[in-house]
Amino acid sequence: MVADLKKLIEEAWEDRGLLIYNNYCEAIEEVVQRLDKGELRVAEPVLNSWGINEWVKKAVILYFPIKQMKETKVGPFVFHDKMDLKTNYKDAGVRVVPHAIARYGAYLAPGVIMMPSYVNIGAHVDEGTMVDTWATVGSCAQIGKRVHLSGGVGIGGVLEPVQAAPVIIEDDCFIGSRAIVVEGVRVEKEAVLGANVVLTASTKIIDVTGETPVEYKGVVPSRSVVIPGSYTKKFPSGEYQVPCALIIGKRKESTDKKTSLNDALRENNVAV
């Protein structure tokens, strides 16, 4: 029962001395196993928002102290870590190109493609998503269906504080090359981020499509097309340009959800 698992995790979180008992360690192991299979998630959709399962994140954090360092050999490659590598890709229906690596405890749904890339424990990558070359998906990040994470994309991870929200990329988003999304930012369905867009919790996301700018923080509205930008900020020593992100249009209904980044930008008369 999930309620029983939650109770044991919460008790162990409050008193780490309980980790000497098998039933607490087994509960932690079971939570991570369920994460690996996609049966539990650190965060999940709730109506028009997202709910954070803090107790699941606590189990991920508690998993580290109950595991021992060990050496893993894969052909000529040698690793020394507490975590196992994810396996059984064929049975899961996941394509994994050498030298892609996912840690045990990360969920990869059927149809996911991993080019040489990295997915950390607690992450959830849904059906049909492409994790392109040298892209990284941090711990507990939530990636939706049919997302394209382009080459070199950095999706930030989060473990502590436990109440902190993970990065969430919703269904059918396109994240351009070398874009960075961290600190619990949520990118809503079908949005397009241009190359080199950087989004943190404090980044200004400014919709410049109307007569007056509309400012967001921490969320990119659905179907937005976003490019890097800057604005002028006053400092004691003078005025300087500070990075921001600009919403320069909306993805058209007629645009295929798998359209290239260039097509989405071209529709909005922007080349990046």
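Mentor: Let us begin with a definition: two strands pair if DSSP finds at least two bridges between them. Strands (E, at least two residues) are DSSP runs, numbered from the N terminus. This is a predicted model, in which local features need pLDDT of at least 70, side-chain atom pairs count only at pLDDT 80 or more, and totals for chains, interfaces and linings use all residues. Residues are numbered from 1 along each chain as its sequence is written, and side-chain values use heavy atoms, with hydrogens and water left out.

Trainee: What makes strand β22 and strand β26 a pair?

Mentor: Three bridges join β22 (residues 205-207) to β26 (residues 238-250) in the parallel sense, and the definition asks for at least two. Within this pair, Ile205 stands opposite Ala245 of β26.

Trainee: How do you know that β25 pairs with β26?

Mentor: Strand β25 (residues 224-235) runs antiparallel to β26, with 12 bridges between them. Tyr231 has Val242 in β26 as its bridge partner. The two strands, β25 and β26, form a hairpin with two residues between them.

Trainee: Why is Cys244 called buried?

Mentor: Buried means under 20% relative accessible area, exposed over 50%, and partly exposed in between (1.4 Å probe, protein chains only). Cys244 has 6% relative accessibility, so it counts as buried.

How values were computed: Helix = DSSP H or I, 4+ residues; strand = E, 2+ residues; numbered from the N terminus.
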